Amino acid sequence: MAAVEEGLEPQLAAAEDAAEDAADTVDAWPAAPPLLAGNRLSLDLYPGGCQRLLHLCAQQTPQLLEVEFLQLSGHEDPQLLEATLAQVPWSLPHLRSLVLKGGQQRDALGACLRGSLTTLPARLSGLARLAHLDLSFNSLETLPACVPQMCALGALLLSHNHLSELPEALGALPALSFLAVTHNRLQALPTALGALSTLQCLDLSENLLDSVPPEIGGLSSLAELSLASNRLQSLPASLAGLRSLRLLVLHSNLLASVPAGLARLPLLTRLDLRDNQLRDVPPELLDAPFVRLQGNPLGKALPDSHSPPGTPMVPEMPRLFLTSDLDSFPVTPQGCSVTLACGVRLQFPAGATTTSVTIRYRQWQPEPRLVPLGPHDTLLSGVLELQPHGVAFQQEVDLWLLFVSPRSRRCREVVVRTLSDDSWSDLETHLEEEAPKRLWAHCQVPHFSWFLVVSRPVSNACLVPPEGTLLFSSGHPGVKVTFPPGATEEPRHVCMQVVRMAGRELQALLQEPEAAVSPLLCLSQSGPSSFLQPVTVQLPLPPGITGLSLDRSRLHLLYRAPPAATWDDITAQVALELTHLYARFQPPSSPAPRYWLWYTTKACVGHLAGKAWRRLRLHHVNLIALQRRRDPEQILLQCLPRSKVDATLRRLLERYRGPEPSDTVEMFEGERFFAAFERGIDVDADRPDCVEGRVCFVFYSHLKNVKEVYVTTTLDRQAQAVRGQVSFYRGAVPGEVPEEVPAARHRKGVDALWMATLPIKLPVGPGTGRRKLPRSEGLGHRANLSLAPLNLGDADTGFLTQSNLLSVAGRLGPDWPTVALHLGVSYQELQRIRHEFRDDLDGQIRHMLFSWAERQAGQPGAVGLLMQALEQSDRRDVAEEVRAVLELGRHKYLDGIRRTSLDPGGLGPTGPSASKSPERV
């Protein structure tokens, strides 16, 4: 014992020195914020949190004896942190929760940095009441020896460290019910783990485990077990003895078989076996509705081995399945197959890297600066960024991107576009279809950058040598360009695209039934702009026209050379050679980028060609504004192609109501526009896409252009409804705002700033939680009081309004799927929400939370269910905020009772039953 005390003397001396320095430092800080809030002491977000705690300890602040929850940052100086923790057992004897997390700081790429914590002082074992210890996002390589001695410990979080093993002594914790050791380097588990009879949740995902000890079957209370993203090849049969198990997650391993007894677990509701090596599973598991088996080679025979006897088996490539809270993953020279949470798949072949590399990814919302589109291109996916940029791989990496199906595939192709050497280029792309409406664009990439999927006109290219060559279109074989010998001295690349214009659109534009045009030829090339020898271009004659019957006076050859915006008629400058089906000519100078053959009686063909060129690039869309039926202040705005309006309205009108869609508006792919509320209505949100009260949109014809916003009004709505409008603009808001009634059906051209206006009506009422009736205006009529729409809760527990739920939604982040499952949301509904709002995380969270709240309307205990789900999802911070909101509401309610003399004694009850007092009066 004396030796122990001698060993601690340097720590005590360091702590005393640190405390003296901290006292001087903290006293010098101007207006230090209050640190103690009841029984909580949160110092993880303050600079110099350890110094502040040492200062409080040096002052022997009496309130420290009441502290039960302590939070410190793992990014503090290691020696100062150790000295501070050495003071905790004496200064905070009643401590129940200790959080020492890292991750509050991020590197230049936005990834969370680990804290500097590598060990804990031995004296922390004296915290007899400590029930919750969080050491996540630190640099622990071994578990501190004091942890297995904390007899009251119920929850231990060790995720995102460098642990390679767990000690056998961990099995001596008698009260441990929650253990998370994700994202470490565990290669084996201690057999004593099976002695944790009280353990209910065990998360060992993202490690290097290749086996599980049979003793794990002794965890009699275990309800949730996750072994995802390891290297497991088999499972012990003892897993079938976990009679309390409800959730078993085993995806992204190397499992070749599973115990048949898993199907007989009485409480099991989900068994996740995705992305393994299962070729056969027991029949009782194959037909079970709670089993997920996607990504397994079910029914496929083992590949034939032609290796000579004695050749060692090459291990199969590791497979990773990333969850939504991860933005990076490691790649070793062994290679791996990775599936990101957004659905993107990557395969790194063995030898692609010579050393271990950490790959980071990010999904960007499509916006003009990130989406390089040609005049006739359409966007089919979001933007994926893979880092580090520009690092070359030894072998090309396979990349699969999900994309939406283009509405037209005639003479068009789907390609992956990437940024390379400060210029965008298209990669050779192969399309794969895994299931109906689930399409993949597969390509091979030599390095990482930005990637997106686009649909473009079929492109044909060739390398023109000095000997000459022929380039023709695979989509329109009649379109050809002949390069004679000697046309160039150095080889150069020439690319061709052909765009077709529908005859009915041209006839409607020209108001001429017999008008017709040929396909539009678009050329691009590298090297000098001119050729040494004349080049011959062949175009098919316009549909319905033959060389034997046409009127040459009505045939016009047009060309356009960007950046010029005009089309020139060069019919008189070239010699047109006409056959029965084709027209051939040699341009008077170098081949221009655009050629078009017109057949019309009109005189000013160049001006009409400009209009037709613009028409080829336009999309006919409608704008809609719908109000949620239960909450009219929640307004859905959407811009969608005209062909999708009816189907979209049928799907939405069960939950929304609103005016008819706007009249047809013409928009370009990737065009930016705004929605603005007027006549007393404003957006009630601090959104990054809201600029000066206008909500910003970018239109992409194949992607969802939808936003849902809350609006409010400063006008008095207690006596009358408020009629306003939402208008859609290009660029700046026009000086004169049109009235909604005639404007809602008024046509506007593509150059007009104002596009459409739709009426909005906010009904009579106190609003949705943002402006409440005074307590004195209705407490006496409690039975007739109608709560604001979507109020969640009951009179016993209190109510949460839409504003409160929005605050909760804003805090959930990537944890929302876990919260949803604990709320009782089915996994199928979860997947549907992810798909419908796949490009909008905030939309996923809000839709899940408010849909659940709508179903809970009028149900008792809904608020308690929400708080329980938050706590089970390890979001106690949000649960505490909900409790604070409810407590504040109860205090205001009691104050209202006293002010209105409903409580003659002036002392209302303090329990939940106080909320029922108005009904007894």
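Trainee: What makes strand 32 and strand 36 a pair?

Mentor: In this predicted model, four bridges join strand 32 (residues 536-540) to strand 36 (residues 582-585). Pairing requires at least two bridges, so the two strands count as paired, and they run antiparallel. One of the bridges links proline 540 to tyrosine 582 of strand 36.

Trainee: Why are strand 27 and strand 35 called edge strands?

Mentor: The open sheet of five strands has the order 27-28-32-36-35, with antiparallel pairing. Strand 27 (469-472) and strand 35 (577-578) each pair on one side only, and are the edge strands.

Trainee: How do you know that the buried residues of helix 9 lie on the same side?

Mentor: The buried residues of helix 9 (residues 802-812) are Gln802, Asn804, Leu805, Val808, Ala809 and Leu812. Because they cover an arc of only 155° around the axis, they lie on the same side of helix 9. Being buried means that each has under 20% relative accessible area. Just after helix 9, glycine 813 takes a positive phi of about 60°.

Trainee: Which residues are the closest to the centre of the second largest pocket, and which element supplies the largest share of its lining?

Mentor: This pocket has a volume of about 1,300 Å³. Of its 36 lining residues, the closest to the centre are Ser408, Glu505, Leu616, Leu618 and His619. Helix 5 supplies the largest share of the lining, four residues.

Trainee: What makes up the lining by class?

Mentor: The lining of the second largest pocket has 13 nonpolar, twelve polar and eleven charged residues.

Methods. Residues numbered from 1 in each chain as written. Predicted model: local features only at pLDDT ≥ 70, side-chain atom pairs only at ≥ 80, totals over all residues. Heavy atoms only, no water. 1 Å grid on protein atoms, 1.4 Å probe; cavity = no way out; pocket = protein on both sides within 12 Å on 5 of 7 lines; lining within 4 Å. Points joined across faces, edges and corners; volume = space filled by probe spheres on them. Nonpolar A, V, L, I, M, F, W, Y, C, P; charged D, E, K, R; others polar. Buried < 20%, exposed > 50% of the residue type's maximum accessible area, 1.4 Å probe, protein only. Arc of directions from axis to C-beta.
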